[in-house]
Amino acid sequence: MRILWLCNIMLPFIAKSLGQKIVVKEGWLSGLANKLRVYRKQNNITFAICFPASDNLGIVKDDTSLFVKNSAEGVQYYIFREDTTHPEQYDTEIEKSLKAVIADFKPDIVHIFGTEYPHTLACVKAFNRPARTLIGIQGLCSAIADVYMADLPYSVQKKKTVRDILKKDGLLEQQAKFVKRGEYEKEALALVGHVTGRTDFDREMTAKLAPLATYHFMNETLRADFYNDCWNIDRIERYSLFLSQGNYPIKGLHYVLDILPEIVEKYGNTVVYVAGDMITAHDSIIEKFKLSGYGKYLLKQIKQYRLEDHVKFVGRLSSDRMCARLLKTHVFLCPSAIENSPNSVGEAMLLGVPVVSTDVGGVHNLLDDGRDGLLYSKEQPEQLRDAILSIFEDDKLAMSMSSNARAHALRTHDPETNYRTLLGIYNQIVRY
């Protein structure tokens with residue numbers, strides 16, 4: 001069986017072989033790819049990966065062919081060109097590149113991870129075999145577009161910084177880009193025969209967007225670092241909160257800043273750590289020019305509520321550093337306006353970190369409310385405040401949730417079970 005993966009990023013083992021910077025996104029793909037790579041001969045699988053890169057990547061910079069082909073750790077990979085900084089633009093040239101990749105590899109199945117980029121639609125068209133095409137649902141751009149502003153005041157939505165004007169990337173324009181990406185997503189899903197998902201939310205969306213496709217349930221295998229350690233309340237930084245990112249409105253950092261003053265008033269050493277881009281950086285002239293509209297709003301909140309000593313942006317974290325940060329955390333927060341099955345929640349649960357999350361999308365399929373962690377209504381921010389305080393004030397509750405969450409996540413994200421499920425899906429597809 002010949003399997004071709006289409007990924008949004010260069011996977012870490014490939015990046016390492018090329019001496020490239022490892023991308024800290026979609027880390028769960030590494031665990032699954034490693035299983036497929038290690039056992040490919042045993043399961044009679046020939047496995048290859050293709051992914052996009054911009055023209056400035058050294059390996060493609062001086063190459064004018066439709067793709068660049070190489071291998072790492074015994075796995076063949078293909079790099080094609082795509083402007084991933086403008087995913088709202090569809091480039092028909094990508095179809096040509098992916099047709100060439102498909103002609104070279106001759107896959108029995110094309111497995112596409114995610115619908116967030118136009119290369120998904122290009123690949124579906126290039127392969128043109130719906131019964132042998134599988135899309136794994138990650139985030140859904142069409143759903144994100146609907147709630148992108150996450151209750152921001154309209155005055156904030158329409159306001160633009162110098163950076164926003166120069167890049168034509170204000171908040172309203174960002175939302176419009178998600179709408180456009182959602183159109184490509186809908187077209188791609190309507191053309192495929194198979195979809196994998198794992199939540200009530202993505203099952204419902206699949207029925208709506210891919211009514212002719214077979215839905216296959218499959219959980220995700222997360223990054224290896226998160227299986228190897230366990231949260232201990234005696235080792236934490238008391239009253240610390242952690243968000244895995246706060247780069248744009250749907251991740252909900254502004255919701256947290258709104259309720260944080262009440263928590264700080266009660267526990268003065270409370271600190272919120274935020275991973276991801278340093279969206280509020282403003283110390284230098286260059287940083288001020290790079291400040292986005294959303295970043296400026298967050299900065300205004302921080303200053304207005306006098307939270308300068310209580311909010312720390314820690315930048316993008318590798319898996320080992322993310323793991324270390326989580327193990328010190330008192331409560332992990334997922335205050336998003338929309339999610340499918342956030343891997344950040346899964347990783348926190350694997351380590352046994354107490355979790356508080358909005359009850360949106362498919363989060364309830366990961367976390368049993370009141371047992372593994374706490375869910376709250378996005379429309380009632382006081383519930384977020386109360387949930388955090390309940391864990392801060394009750395170590396027995398925190399430890400009980402920690403134990404339950406870890407046990408639940410170890411079942412959900414069991415590498416062997418998920419790998420066997422994937423093989424079963426592949427075998428089912430080739431019988432079509």
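The count of disulfides comes to zero, a disulfide being a pair of cysteine sulfur atoms within 2.5 Å. This is a predicted model, in which local features need pLDDT of at least 70 and side-chain atom pairs count only at pLDDT 80 or more, while totals for chains, interfaces and linings use all residues. Residues are numbered from 1 along each chain as its sequence is written, and side-chain values use heavy atoms, with hydrogens and water left out. An open sheet of eight strands and an open sheet of six strands are described below.

- Cys123 takes part in no disulfide, and the nearest cysteine sulfur, that of Cys50, is 5.7 Å away.
- Cys123 is buried, with a relative accessible area of 1%; buried means under 20% relative accessible area, exposed over 50%, and partly exposed in between, with a 1.4 Å probe and protein chains only.
- Cys141 is likewise in no disulfide, the nearest cysteine sulfur being that of Cys7 at 16 Å.
- Cys141 counts as buried because its relative accessibility is 1%.

**Eight-stranded sheet**

- The strand order is E3-E4-E2-E1-E5-E6-E7-E8, with mixed pairing; strands (E, at least two residues) and helices (H or I, at least four) are DSSP runs numbered from the N terminus, and two strands pair if DSSP finds at least two bridges between them.
- Strand E3 (68-72) and E8 are the edge strands, each pairing on one side only.
- From one strand to the next the twist averages 25 degrees; axes are lines fitted to C-alpha atoms, for helices over the stretch in contact, and angles run from 0 to 180 degrees between N-to-C directions.
- Helix H4 (residues 93-105) lies across strand E1 (2-6), strand E2 (46-53), E3 and strand E4 (75-81), and runs at about 160 degrees to E4; contact means heavy atoms within 4.5 Å.

- Strand E5 (residues 109-113) runs parallel to E6 and is joined to it by four bridges, with Thr133 in E6 as the bridge partner of Val110.
- E5, helix H5 (residues 119-127) and E6 form a right-handed β-α-β unit; a crossover is right-handed if, with the strands pointing away from the viewer, the path from the first strand over the helix to the second runs clockwise.
- Strand E6 (residues 133-136) is covered on both faces: Thr133 and Ile135 on one side, and Leu134 and Gly136 on the other, are all buried.
- Three bridges pair E6 with E7 in the parallel sense, and Gly136 stands opposite Thr196 in E7.
- Strand E7 (residues 194-197) and E8 run parallel and are joined by four bridges; Phe217 in E8 is the bridge partner of Gly197.

**Six-stranded sheet**

- The order here is E11-E10-E9-E12-E13-E14, and the pairing is parallel.
- Strand E11 (311-315) and strand E14 (374-376) stand at the edges with a single partner strand each, so one side of each has no neighbour in the sheet.
- The twist in this sheet averages 25 degrees from one strand to the next.
- E9 pairs with strand E10 (residues 271-275) in the parallel sense over four bridges, and Leu243 stands opposite Val274 in E10.

- Ala150 is not a glycine but has a positive phi of about 50 degrees.
- Ala150 is in the loop between helix H6 (141-147) and helix H7 (154-158), and counts as buried at 5% relative accessibility.
- Tyr239, a residue other than glycine, has a positive phi near 65 degrees.
- Tyr239 lies in the loop between strand E8 (214-217) and strand E9 (240-243), and is buried with a relative accessible area of 18%.
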